[in-house]
Amino acid sequence: MKRFIFFSILIVTAVVVRASVGTWKTYMAYGEIMDISAGSAQVFVLASNDLYSYNTVDMSITEYNKVKNLSDVKISHISWNKSAKRLTVVYDNSNIDLITEDEDVTNVADVYTKSTTDDKTINHIHNYSHYAYLSANFGIIKLDVKSAEISETYNLGQKVSKVAVSNGVIFAMLFDGSVLSAMLTSNLLDKSNWQLTSSYDPSIFDDNKDDWNKWYPVVSQLKLDAPKYNNFGFIKIYDNKLYSCGGG
C-alpha cells in the first residue's frame with residue numbers, strides 16, 4: 001500500500017499543503033474503521049491501518065503518524081490496557097508502540113529487531129492485568145504494558161490466533177481450531193506444560209465489542225481532513241489545488 005507524504009519545498013506547493021517550507025505534512029486515510037478502543041477520555045480509532053483519537057470531553061481529534069509521534073507505519077492491531085492506562089499499538093512488521101492519553105509514545109522494538117527465522121506476525125492482543133498477551137505465528141509474547149518491556153516469549157512452534165486467560169489458566173487457540181492450555185503458575189517457557197484441551201468455555205475467546213458498539217456511531221460521523229484511502233495512482237498540482245486519482 002502506498003502512502004504519500006508531501007515535502008513542501010516550492011512556494012506554490014507550500015500554499016497548497018499549508019505547511020512551512022522544509023517541513024513535512026502527512027495526509028493519512030481514515031476511511032475504513034477497523035477497530036475502536038476507549039481509554040478514560042480518549043477513544044482510539046484504527047482506520048485504514050492508521051490511528052487517531054477522539055476526545056470525549058472537548059470533542060477534539062488527534063492524529064497519530066510517524067512524522068509526528070509514532071515509530072512505524074501500517075498498524076494492524078490496537079488495544080487499551082485499563083490497568084497500565086496505555087494503548088498497545090502493533091504494526092504489520094511486529095514493531096510495538098505504547099501510547100498514553102496525553103500522547104506519550106514508548107517504542108518496544110524487541111520483537112521487531114530480534115533476528116530469527118520464526119514468523120513474527122502478531123495476530124491478536126489479549127489484556128490481562130497490566131500485561132498484554134500477543135498471539136503470534138510462532139507462539140505467544142507476554143508484554144508488560146506498564147513497564148514497557150517484553151516479560152516472556154513462549155515459542156510453541158504453533159500459529160496462535162487468539163489468547164485468553166480465565167480462572168488462572170491461559171488458553172491458546174491455534175489456527176486449526178484446536179486449543180492449548182496451561183496453568184499461569186507453571187513454567188510456560190516449557191512447551192511440555194502446554195496441553196491440548198477441550199475443557200473451556202468458547203466465549204472466552206470472544207472479543208469485547210462494547211467500545212465498538214458505543215463509539216462507532218460517533219466516530220463514523222467525524223469529518224477528518226484526510227483522503228478516503230491510501231492508494232494513489234497519480235497526483236498533480238494545478239491552479240493551487242492538489243488533485244489525486246485512485247489506483248494501485
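The model is a predicted one, in which local features need pLDDT of at least 70 and side-chain atom pairs count only at pLDDT 80 or more, while totals for chains, interfaces and linings use all residues. Residues are numbered from 1 along each chain as its sequence is written, and side-chain values use heavy atoms, with hydrogens and water left out.

Now for the overall picture. Along the principal axes, the C-alpha atoms fill a box of roughly 65 × 40 × 30 Å. The chain has 3 helices and 20 strands, taken as DSSP runs numbered from the N terminus (helices are H or I, at least four residues; strands are E, at least two). Of its 248 residues, 42% count as buried, where buried means under 20% relative accessible area, exposed means over 50%, and partly exposed is in between (1.4 Å probe, protein chains only). As for contacts (heavy atoms within 4.5 Å), residues 24 or more positions apart account for 41% of those with a separation of 6 or more.

Val219 gives a look at the inside. Found in helix H3, residues 210–219, Val219 counts as buried because its relative accessibility is 2%. Leaving aside residues up to four places away in sequence, Val219 touches Ile33, Ile36, Val43, Val45, Tyr52 and Tyr54. Phe44 sits 175 residues from Val219 in sequence, yet the two are 9.7 Å apart in space, C-alpha to C-alpha.

Over to the surface, where Ile235, Ile237 and Leu242 form a nonpolar patch with about 200 Å² of accessible area together. Leu242 belongs to strand E20, residues 241–246, and is partly exposed at 32%.

Two loop residues carry a positive phi. Glu103, not a glycine, has a phi of about 75 degrees and lies in the loop between strands E9 (96–99) and E10 (105–108). Ser129, also a residue other than glycine, has a phi near 60 degrees.

Note on methods. Patch = residues over 30% accessible without salt bridge, like charges linked within 9 Å, V, L, I, M, F, W, Y side chains within 5 Å. Areas by Shrake-Rupley, 256 points an atom, 1.4 Å probe, with all protein chains shown as cover. Salt bridge = Lys/Arg side-chain N within 4 Å of Asp/Glu carboxyl O.
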